[in-house]
Amino acid sequence: MTAVDTSRVSDITAHPPGLATRRFKDNFFIVWGILATIIGLGTLVALVGELVNDGGHRLTAAFFTSFPSSNPAEAGILSAWVGSILVIVATALFAIPIGMLAGVYLEEYAPKNPVTSAIEIAVNNLAGVPSILFGLMAVGIFVQFLGNPARYFGFLPESFRNSAADLFGQSILTAGITLGLLILPVIIVATREAVRGVPQEMRQGALAVGATKWQTTRHHVLPYALPGVVTGVIIGISRALGETAPLIMIGGLTFVAFLPITTPGDAKFETIGVLDQYGAAVDPSATETVHIAHDGVVVMPDFTERAVEAGQVLELPHGSTVQSVAGWGDAIASWSPTHWLGADFTVMPIQMFNWTSRPQAEFLEIAAAAGLVLLAITLLLNGTAILLRYRLRKSIKW
Amino acid sequence: MEGVLFAAAAVAVAVVLGIIFVVVSESSKFFAQVSVIEFLTSTTWTPLFDNPQYGIAPLLTGTFMSTLVALAVAVPLGLLVAIYLSEFAGPRTRETIKPTLELLAAVPTVVYGYFALLFVTPLLQGWLRPFGIELPGFNLLSAGLVMGLMIIPYIASLSEDAMRAVPRSMREGSFAMGATRLETAFRVVAPAAVSGIVGAVILGMSRAIGETMIVVVAGGQLPQMVSSPTQQGATVTAFIAQVALGDLPFGTLAYNSIFAAGLALLLLTLLFNFVAFYLQRRYREAY
């Protein structure tokens, strides 16, 4: 019997070699994980801090009740926030019903066939399409095609063509539909998940007492799915509120000194001179004598502007626009339930972008102030959605 | 009623077809006047000059550079956060941090543009100066960096979902063999969740490719062949927005060039969607 080489036998009651090192690596990683999380959360803090620091002092009541102006000290976001609300109303009216119905269809009704898979592929792909491509589509279909009924729809009655020309083009309706299509996947997916979460017994109970499929869906599935749908709608709306690129594409204006809720007869927005079919001056050096009918501003072709009063007579270069400044009283008095859909508009993100791209430091201050308002609204909406989702998960136990 | 519901669902298909139709038909007008060869091989993009040249390459280099910077920021940070939240943090921490981080994706991009231009760029200028690098006021580095911060939640949230979907028994098996949490995370959980993680990264990437406002505000809008992130440059999206902001009439060749750029963007996005789909299939682990 040979001697046993005991030097190679380790003490099995001791820790395996290197465990301390491996434990240390564990803790070391936790530090890195926390650090990465802090960088993410720190970005939010830095973002808010930067905006408050730059523009916080500009958040006065006057900022919300003034039109934009070439004088940054007087400029405000009145037309921008009114425009944003109107665009969002149009977006919601378009996207919520279609998104909900589509979600219900895919979850409750759709047969397993190629058409259904085509729809599902479309919904999934739409969610990943860059927003600016929605803008390009809107330019092609809503602005150029439907907005020029005289060119494409000559066979239709004139009154019909006129209302199409009023509604489409660079209008709130176009903006609303475009953003509505953009957030459609968000609402469809949220609806599907919410509807899927309603237990089968609810449907069977209703069907057993003789309800039709639609009655079951409408009265027994949708009500229970509603909180989930609302969460999706809020997130979609918040996304639409912050979207800039597609609205730049369809021609959201960068300088609006009127509220888009006045009636057409007010000559609220008029470009001077002989224009080509696209609205640009044919001869930029030509001028024209203009009688100003309303108090307001004139925006020159180089985008400087000056205040004008009713009764003034001015010599204006072609391509400049006269805008009457409509106050709240005028706006409310001339409210028309349909006209606003066809009106020119600006929105908060475009207003902020416009101010950000100007060189003067004072404009950057109001850009920051506008950004702060925008950020507050989006964070508020998303916070609500998060809370709603959290409470939903806690309260409903099927 | 079923017909109404079907019509609503069919809208999604109509939108996809609408986007493809508009982009293809308008850019075919562009390609009737500019050869595809020039579009793909020329390295100058100056549609707004007197002697216009239409080579998409400068815009593509701008897009790739800003996306690369964004991924360099978002992939490590996003995966660190995901692994930390999924494998190390307690449920309370996770339930608080995850939705808060998701707010990063909800911030309007024009606000991010402002942040990149007026906070990140001056900060980086100060940091890089000691190294002899003069960062211009407009550059793709800060645009890409902020874009990276924006897509952290996409990568972190979706990767975390994928890792949490890995069954508990696999972790328990690994722990029983004496592995630490970190070893389990990297050698068992992450490989099992790889298809979800890849999907998350590609989703973040296509967000970065399609992002417009951050680059328009902070990137400089100058279409040139970009070889370093410290240069200014234009992305495909930034060029499209820049033309839309100008006074070019619809229907001119220069205006139609945005549809050609849009077509390039569409193909790029579809390509990555396809790659993500393929990779997810290829590496799917089913339990």
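Trainee: How many residues does the contact take from chain A and from chain B?

Mentor: This is a predicted model. Two residues are in contact if their C-beta atoms lie within 7 Å. Counted in this way, the contact takes 69 residues from chain A and 67 residues from chain B.

Trainee: Which helix gives the largest share of the side of chain A that touches chain B?

Mentor: By class, that side of chain A has 47 nonpolar, 16 polar and 6 charged residues. Its largest share is 19 residues, and these come from helix α1 (residues 19–55) of chain A.

Trainee: Is α3(A) largely enclosed by the rest of the structure or largely open?

Mentor: Helix α3 of chain A, residues 78–109, has 32 residues. From its first C-alpha to its last it reaches 45 Å, close to the 46 Å expected at 1.5 Å a residue. Of its 32 residues, 25 are buried, so α3(A) is largely enclosed by the rest of the structure.

Trainee: Is A74(B) buried or exposed?

Mentor: A74(B) lies in helix α3 (residues 57–88) of chain B. Leaving aside neighbours within four places in sequence, its contacts include G148(B), I151(B) and G204(B). A residue is buried if 20 or more other C-beta atoms lie within 10 Å of its own. A74(B) has 29 such neighbours, so it counts as buried.

Trainee: What is the phi of Q221(B)?

Mentor: Q221(B) is found in the loop between α10 (213–218) and α11 (236–245) of chain B, and with 20 C-beta neighbours inside 10 Å it counts as buried. Most residues other than glycine have a negative phi. In Q221(B), a residue other than glycine, phi is positive, near 55°.

Methods
Residues numbered from 1 in each chain as written. Chains lettered and ligands numbered in written order. Predicted model: local features only at pLDDT ≥ 70, side-chain atom pairs only at ≥ 80, totals over all residues. Helix = DSSP H or I, 4+ residues; strand = E, 2+ residues; numbered from the N terminus. Buried ≥ 20, exposed ≤ 12 C-beta atoms within 10 Å, placed from the backbone. Expected span 1.5 Å × (residues − 1). Nonpolar A, V, L, I, M, F, W, Y, C, P; charged D, E, K, R; others polar.
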